[in-house]
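User: Please examine the structure shown here and answer some questions on its local features.

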Amino acid sequence: MYAIVPQKAFKGNFVLTVGKGEDAQTVEAEKQFDYKRQLVVSNLCGETDDKGHYEIKNGPFDDCGGIDEPTWFSFDPENKHILYLAQDEGSKPIRVLDLKNQRIYSNTQFSIERPRTITWTLGKDGIRDTMIIASDRGGDRDVNNWYLVRDRSKPVHEAFNVTPQPLMEGKNCNGSAIHPVNGELYYNSFALGDVFRFDYRNAWDPDRKVFDYTKREKLFSIQDVNWEFNMVIHPTGRYAYIVVVNKHYIMRTDYDNVRKKFGVPYLFCGSVGNAAWEDGTGDKARLNTPYQGVFVKNKKYVENNNEDEYDFYFTDRMNHCIRILSPEGSVTTFAGRGSSALNSNPYGYVNGALREKARFDRPSALAYDEETETFYIGDWMNHRIRKIALEEGDETSEEVNN
C-alpha cells in the first residue's frame, strides 16, 4: 500500500478507514510513521525576472535582487553564521551573508580588483582577526594579496568593512591559502604556474612599515604558463589539493614536516586539458572547469577509523554539478544534472532531489556548515545562492531553463 504524505508530515500515525457511515472500518498501524528526510537543493536567496534580468541590492534574503558573479565563499571563523562571498570580474565589494538574520550586505568601504579567494590568518586561542583576499591583477608590482583586520567595535556583519592593506605583490594570483597548522601563506601566479610560500610573520619591515616581499619562496611550478588554479589545504595540513580550473584536473601536493613545506604536486584526478563529465578514479575521471572545493568529514570514515576522515566536495562549473573526490581519488557526482525528462540540457534552475531533479548553471562558490550539515552554492548564471540540506517540507520544484 502506498500513501501520499503531506508536506512537513515527518512523523505520525497511520490510520486507514474503509467505507462510510455505519459500515466504515478503521484500523491504526502499531508503529508510528517516521519519514526519513532527504537531502534536497533549494534556494537561499537571489532572483531574476523571466528574462534573466536582476538588480543588486542589500536586504532580506527574500528581497535582495540577484547575486552577481558568486565566486568564492568563506565562513567567518569567529562568527559561523557570517558567510563572506567574493565576486570575480571587475572591482566588486565583498558580500556578507548573515545566515542567522537572513540578510545580505555589501562591504561598501572598499572594492578589490578581481577578488578570487578568501583565507584567514591563525591566532592564539582560536582568535582569527585578519582576512586575506587574493587579487588577480596583471602587473608584476600590483598587490596580489590584501589583508583586512577585524574591527571589533562594529557589528559582526560590518567587522571587515575596513580599508584593506597590501600584504604581497605579484602578477595574476588566482588564489591563496593559510596553512592550518603553521600559519604560513601559500599563493600562486597564473602567468607562470608558480606556487609561493610566504611567512609574512617574519617579513615585516618596521622602517618602511610594509612586508618585505623578497622573503617569499618559490616552491614549484605546475605544467606550463597560464594555468589557472587555486590551492585548498586539508584541515590537518598534511596535504593540499591544487584545483586547476582551466585545464580540468586536480593535483595533490603533500606537506613535508621535516622541510616544513609542500612538495612537488602530482595528478590526482581528471585529465590535463580534457574537459568532459565522467565519474571514475584518478585519470579515468573527467572534469570541466572545477572551481571551489571544501573538505567535509565523512562519518563512515570516522567510524571505520580511516587515516583520512575527509572527502573533498567541489563545484564542477561547466558540468553544472557538485562532485565528490574521495581520499583514494574516486570522483562521483553529488548533485545537479537532474530532470532528464525536462530536456537534454545538464544546466538550468531546478530545486529538489540532488540527482533526480536538481539543476545548476555554472556553480562556482561552495561552503559547508558542519554544525547544520548544510552546503551553500554560488550559482553563477542563475544569480542565486542555493543550498543543500535536509528537506524542511516547504521546498518547491521551481524550474527556469534555457
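This is a predicted model: local features need pLDDT of at least 70, side-chain atom pairs count only at pLDDT 80 or more; totals for chains, interfaces and linings use all residues.

Analyst: Residues are numbered from 1 along each chain as its sequence is written, and side-chain values use heavy atoms, with hydrogens and water left out.

User: Is N319 buried or exposed?

Analyst: N319 sits in the loop between β30 (310–316) and β31 (321–325); strands are DSSP runs of E with at least two residues, helices runs of H or I with at least four, both numbered from the N terminus. Buried means under 20% relative accessible area, exposed over 50% and partly exposed in between, with a 1.4 Å probe and protein chains only. Because its relative accessibility is 4%, N319 counts as buried.

User: With which side chain does the side chain of N319 make a polar contact?

Analyst: A polar contact is a pair of N or O atoms within 3.5 Å; within protein, one must be able to donate a hydrogen and the other to accept it, and residues adjacent in sequence count only if both atoms are side-chain atoms. The side chain of N319 reaches the backbone oxygen of A276 at 3.0 Å. The side-chain partner, at 2.8 Å, is D316.

User: Is N305 buried or exposed?

Analyst: N305 lies in the loop between α1 (299–303) and β30. Its phi is near 60°, a positive value in a residue other than glycine. Since its relative accessibility is 67%, N305 counts as exposed.

User: Which residue in β11 is the bridge partner of R95?

Analyst: Strands β10 (residues 95–98) and β11 (residues 103–106) run antiparallel and are joined by four bridges. The partner of R95 in β11 is S106.

User: Which element gives the largest share of the lining of the largest pocket?

Analyst: On a 1 Å grid over the protein atoms alone, a pocket is an open set of points with protein on both sides within 12 Å along at least five of seven lines, a cavity is a set where a 1.4 Å probe fits but cannot get out, and lining residues have an atom within 4 Å of a point. The largest pocket holds about 1100 Å³, a volume being the space filled by probe spheres set on grid points joined across faces, edges and corners. Of its 34 lining residues, the closest to the centre are R128, I233, P235, V294 and F295. The largest share, six residues, comes from β29.

User: What volume has the largest cavity?

Analyst: The whole structure has one cavity of 30 Å³ or more. Residues including Y186, Y187 and F229 line the largest cavity. Its volume is about 50 Å³.

Methods
Two strands pair if DSSP finds at least two bridges between them.
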